[in-house]
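User: I'd like a close look at one single part of this model, please. Could you walk me through the metal site?

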Amino acid sequence: MDILTVKPFESPDTVREIADVYRKSFGGSPWNEGYLCPACGRTYPLSAKEDLCPACAERSNSILLVEHWPIGRVISDFYHEMTKSDSVCVIARSEGHVIGFAWGYAVFSGPDLDMHLDAPGLHESLCGRYFYLDECAVDPDFQGKGIGKTLLREILDRRTEDRVILRTKDRSPMFHLTEKEGGRTIRHISDERVIMRLLSRP
Ligand SMILES: [Zn+2]
């Protein structure tokens, strides 16, 4: 396995592969954001076989599920994030294919950051600039092999800001990994998400 820094605006094939891994990874456990019900907002894993929302069907509503993370949206989000200050993206590659990625960028503590992270009042417990680890994911076929830990350490090695924050699901693999690297939860936010902070370089 190789770890490489991505030049985001020179590698369209890699960006497409990142988006594929994103969709597969967040479409599985613990996120299960494969499909979305546009009516009730429930999410279902990519492995779900239903075309219609089962929860809405119980109330006799037939609602078509839509893809939660369509490839085009992930690609748009990726390019948008990569235009931000001090952005960096690393990938794990095996046999020529992307099997995991991490990206992040610098953020400044303030009300805009609270909005961006959906974390009301967050800026009251922060001060100044941070590296925001926006995404870190591993292809489900390659999970459980320490690739997430490698990606986390590699992107932290390449960051420009000393202090790091990230958002993840409480008790997710990323949550436990961050704790092992010395990170701590600084805020519980909606939808079982937490904001975590890593203070110094490992
Ligand atoms: Zn529904």
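Is Cys37 buried or exposed, and at what relative accessibility?

Analyst: Happy to take you through the site. A quick note on the source: this is a predicted model, in which local features need pLDDT of at least 70 and side-chain atom pairs count only at pLDDT 80 or more, while totals for chains, interfaces and linings use all residues. Residues are numbered from 1 along each chain as its sequence is written, and side-chain values use heavy atoms, with hydrogens and water left out.

Cys37 counts as buried because its relative accessibility is 1%; buried means under 20% relative accessible area, exposed over 50%, and partly exposed in between, with a 1.4 Å probe and protein chains only. Cys37 (SG) coordinates the zinc ion together with Cys40 (SG), Cys53 (SG) and Cys56 (SG), at 2.3 Å. Donors here are N, O and S atoms within 2.8 Å of the metal (3.2 Å for Na, K and Ca); water is not among the atoms, so sites may look incomplete.

Along the chain, the donors of the zinc ion follow the spacing C-x2-C-x12-C-x2-C. Cys37 sits in the loop between strand E2 (35-36) and strand E3 (43-44), and Cys56 in helix H2 (residues 54-57), 19 residues apart, so this pair links distant parts of the chain. Helices (H or I, at least four residues) and strands (E, at least two) are DSSP runs, numbered from the N terminus. Cys56 also counts as buried, because its relative accessibility is 2%.

As for geometry, the four donor atoms subtend angles of 103 to 115° around the zinc ion, which makes the arrangement tetrahedral; four donors count as such if all angles lie between 85 and 135 degrees. The ideal angle for four tetrahedral donors is 109.5 degrees.

Notes: Tetrahedral: all angles 85-135°; square planar, octahedral: opposite > 155°, others 65-115°.
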